Amino acid sequence: MTTDPSPSTPPTAGESRLAFSEDWAATILGLALLALVLLGAIPAGLVP
């Protein structure tokens, strides 16, 4: 009796998908903050 794992599914497929989502979330958050600063919604005293 052998229990070979399926070669079609890599063991890290889910992890790389999660990292991709975190990267895009950070990018979108950064762009939103930049837009708020440029529009003047965030006061100049809060921006270093």
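Q: What makes up the span of residues 24-47, and how far apart are its end C-alpha atoms?
A: In this predicted model, where local features need pLDDT of at least 70, side-chain atom pairs count only at pLDDT 80 or more and totals for chains, interfaces and linings use all residues, the span is 67% helix and 0% strand, with its end C-alpha atoms 23 Å apart. Helices (H or I, at least four residues) and strands (E, at least two) are DSSP runs, numbered from the N terminus. UniProt, in an unreviewed entry, lists residues 24-47 as "transmembrane region", and such annotations may be inferred rather than shown by experiment.

Q: Where is Leu-33 placed?
A: Leu-33 lies in helix 1, residues 13-39; residues are numbered from 1 along each chain as its sequence is written, and side-chain values use heavy atoms, without hydrogens and water.

Q: Why is Leu-33 called partly exposed?
A: Buried means under 20% relative accessible area and exposed over 50%, with partly exposed in between (1.4 Å probe, protein chains only); Leu-33 has 43%, and is therefore partly exposed.

Q: How many of the 48 residues count as buried?
A: The share that counts as buried is 0%.
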